[in-house]
Amino acid sequence: MVDNIVNNNSVTIVGKVVKEKEFSHEMYGESFYVYEMEIPRLSEQSDILPVTVSERLLVDLDIQVGKTIIVEGQLRSYNRYENSHNKLVLTIFARDVYIPCEEEYAEKSKRPNEIYLDGFICKKPVYRTTPFGREITDILMAVNRAYNKSDYIPSISWGRNARFCENLKVGDHIKIWGRIQSREYQKRLSDGSTVNKMAFEVSISKLEYIKDDNNRENSEDVEDKENTYESKLKAQAY
């Protein structure tokens, strides 16, 4: 059962450490730390992604700023209470971290940012167009995890995929492939000032709809279904 759940959520990233580790939390006597990694895109831009690593994986592993590493794990979510509001926070939870040899780096760096998710739509998709006419649909997926937990992953689809995702219903079962991206934005505060924020989401490159296996509800039950997921999200932790 656990193996099946692990296979629902798979991430591999290759890049450089750009920020020293910081203590994140402790669970059952085990300490966890957060690094930031810079992952190159096909364009000249890069994504800056947070990675949570157990102290067990850092034994005899010297990870310094500027070091190139490979991380394999899962994209996880948890809920943080911040400024009287609940905030969904994403992090890449490392299951393995290692420094690649030249041959391995040459091979892995061809696709430095990959993610696969198998889950269910848990909020009504939102279709929109950019000022330049690009079609985008925002979706929120619930991906099962061990011990009756779930991760809630925001994702965006483009073009033809966006038009398809616009019609997905709460409870629909989908599989997606893509990359994790960081996006900087400005948030306006109550006093009128603005602050720079960073959001993380999955950019979908391929999608599969599982027609004969879903938890779709009747239209009148969709709102209740969304509220159930929202309640679970508020209680979500590592």
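Select L75 in this predicted model and display its surroundings: beyond its neighbours within four places in sequence, L75 is in contact with N9, V11, L90, T91, I92, I115, D151, I153, I180 and V202. Widening the selection to the largest nonpolar core brings up 35 residues, and L75 is among those with the most contacts inside it, together with I13, V71 and I92.

Next, colour strand β10, residues 194-210, and look at its partners. Strand β8, residues 149-158, pairs with β10 in the parallel sense over 2 bridges, and here I156 has S203 as its bridge partner. Strand β9, residues 173-188, pairs with β10 in the antiparallel sense over 16 bridges, with I174 bridged to Y209. The hairpin of β9 and β10 has 5 residues between the strands, and in it G192 takes a positive phi near 95 degrees.

Now turn to the rings, where a search of the whole structure finds 4 aromatic pairs. One of them joins F23 and Y33 edge-to-face, at 5.9 Å centre to centre with 80 degrees between the planes; F23 belongs to strand β1 and Y33 to strand β2, 10 residues apart. Another is formed by F164 and Y209, which counts as edge-to-face because the planes stand at 65 degrees, with the centres 6.1 Å apart. This pair links helix α3, which holds F164, to strand β10, which holds Y209, across 45 residues. F164 is partly exposed at 39% relative accessibility, and Y209 is partly exposed as well, at 28%.

Finally, select K21, whose charged end sits over the ring of Y33, 4.6 Å from its centre, and then R76, which lies over the face of F93 at 3.9 Å from the ring centre.

Notes: Residues are numbered from 1 along each chain as its sequence is written. This is a predicted model: local features need pLDDT of at least 70, side-chain atom pairs count only at pLDDT 80 or more; totals for chains, interfaces and linings use all residues. Side-chain values use heavy atoms; hydrogens and water are left out. A nonpolar core is a set of buried Ala, Val, Leu, Ile, Met, Phe, Trp, Tyr and Cys residues joined through side-chain atoms within 4.5 Å. Buried means under 20% relative accessible area, exposed over 50%, partly exposed in between (1.4 Å probe, protein chains only). Contact means heavy atoms within 4.5 Å. Two strands pair if DSSP finds at least two bridges between them. Helices (H or I, at least four residues) and strands (E, at least two) are DSSP runs, numbered from the N terminus. Rings of Phe, Tyr and Trp (its six-membered ring) pair if their centres lie within 6.5 Å; planes under 30 degrees apart count as stacked, over 60 as edge-to-face and the rest as tilted. A charge sits over a ring if NZ of Lys or CZ of Arg is within 6 Å of the ring centre and within 35 degrees of the ring normal.
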